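My entries follow in the order of the look-ups.

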Amino acid sequence: MIGAVTMTPYMPNIDLHCHSTISDGVLSPGELVSRAAENGVEVLALTDHDDCDGLVEARRTATLHGMKFLNGVEISVTWRGRTLHIVGLNIDPESENLRAGLEFIRQGRIERAGMIADGLSRAGISGSLEGAFALAGNKNLIGRTHFARYLVEKGYARDVQAVFRKFLVKGKPGHVAHQWAELSAAVGWIRTSGGMAVIAHPGRYELSAAALKALLLEFKEAGGEGIEVVTSSHTLDMAIRFCDFAKRFELFASLGSDFHSPDESRMDIGRLPPLPQGCRPIWEGFA
Ligand code: AMP
Ligand code: MN
Ligand code: MN
Ligand code: MN
């Protein structure tokens, strides 16, 4: 017992959400997996944003460490005008639908990056497009975090979080409204590639109870099977709340650190609190 909450008695060390230099993490896939091994991770999924290019290297390193490895991805989606993230676990990165879908999203990221740079330029910040690309480990995957790191480097803000607050969120000069994939399409790509779709960090979307219910119903209807319950952006209260939603909507409960960087992330890879008791752990769904 921890406080009034009963925790599962034993759980293997599982981390099903993290990022490498293939998207906006700072460790290469191999370095990331080695760090996970040092932290005692037994089951790992690499879930880069909209790109699967790190999976071969990550799996090779996981095999060397005797760690179970799942192919993953985190797909950017627009639902009712908001950006949501859908994690795919146990996907086949060679699946043609999935590859084409991710390629389309990455192209959209390049177009958005030009507009972000234009906005920043109007606010007096020059060179951000080149600066962001120079910091991207994978030139096919550009994101706001690369811009944020460039602006920190240039002294426009103290840290990445401060750059988001000052420059990149709605109402700020580098904000660009963007249309990502449709929810049903993203879930479909994951499903047809043989994977399970999971709603990433639901606590970050600030949805009303009614909107959350509508999302869960629509997600299930599209074939979605899981929801993140434990993740670095959730408090214990949020984990308990989403555990309850997982039960009520018959979704598997997933967990992942969403680790990006030793300097920027609040939670290290493999250093997650346990799932609250009562929801079905997603690893029971991996057969
Ligand atoms: P993008 O997909 O390019 O729009 O970037 C989204 C990524 O930016 C997320 O996956 C986080 O890594 C990062 N991010 C989003 N919001 C924040 C924030 N407020 N502070 C720090 N990083 C953030
Ligand atoms: Mn990210
Ligand atoms: Mn995310
Ligand atoms: Mn993530």
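What distance separates the centres of domain 1 and domain 2, taken over C-alpha atoms? I read 24 Å.

**Ground rules.** I am working on a predicted model, in which local features need pLDDT of at least 70, side-chain atom pairs count only at pLDDT 80 or more, and totals for chains, interfaces and linings use all residues. Residues are numbered from 1 along each chain as its sequence is written, chains are lettered from A and ligands numbered from 1 in the order in which they are written, and side-chain values use heavy atoms, with hydrogens and water left out.

**Domains.** I noted domain 1 as 14–103 + 182–285 and domain 2 as 106–168; the bounds come from an automatic or database domain assignment. On contacts (heavy atoms within 4.5 Å), I found 13 residues of domain 1 against twelve residues of domain 2. The size of an interface is often given as the accessible area lost when the parts come together. For this pair I have a buried area of about 1,100 Å², with 33% of it from carbon and sulfur atoms; the value is the accessible area (1.4 Å probe) that the two parts lose on being put together, summed over both. On the domain 1 side, D24, E103 and E264 lose the most area to domain 2, together 43% of what that side buries.

I also counted salt bridges (a side-chain nitrogen of Lys or Arg within 4 Å of a carboxyl oxygen of Asp or Glu), and there are four between domain 1 and domain 2. I looked up the side chains of R106 and E103, which form a salt bridge at 3.1 Å, N to O.

**Manganese ion, ligand 2.** I took as donors N, O and S atoms within 2.8 Å of the metal (3.2 Å for Na, K and Ca); water is not among the atoms, so sites may look incomplete. D24, through OD atoms, and H49 and H260, each through NE2, are listed as coordinating the ion at 2.1 to 2.7 Å. The six donor atoms subtend angles of 51 to 157°, and the arrangement is therefore irregular. For reference, four donors are tetrahedral with all angles between 85 and 135 degrees; four are square planar and six octahedral if opposite donors are over 155 degrees apart and all others between 65 and 115; anything else is irregular.

Along the chain the donors are spaced D-x24-H-x210-H. D24 lies in the loop between β1 (14–15) and α1 (29–38) and H260 in the segment after β8 (252–256), so the pair ties together parts 236 residues apart in sequence. Helices (H or I, at least four residues) and strands (E, at least two) are DSSP runs, numbered from the N terminus. D24 is buried at 8% relative accessibility, and H260 is buried at 14%. Buried means under 20% relative accessible area, exposed over 50%, partly exposed in between (1.4 Å probe, protein chains only).

**Manganese ion, ligand 3.** I found this ion 5.6 Å from the manganese ion (ligand 2). E74 (OE), H85 (ND1) and H201 (NE2) coordinate ligand 3 at 2.1 to 2.2 Å. E74 is in strand β3 (residues 68–79) and H85 in strand β4 (residues 82–89), so they tie together parts eleven residues apart in sequence. Both E74 and H85 are buried.

**Single residues.** G88 is also in strand β4 and is buried, with a relative accessible area of 0%. Leaving out residues up to four places away in sequence, G88 touches N71, G72, V73, I190 and M196.
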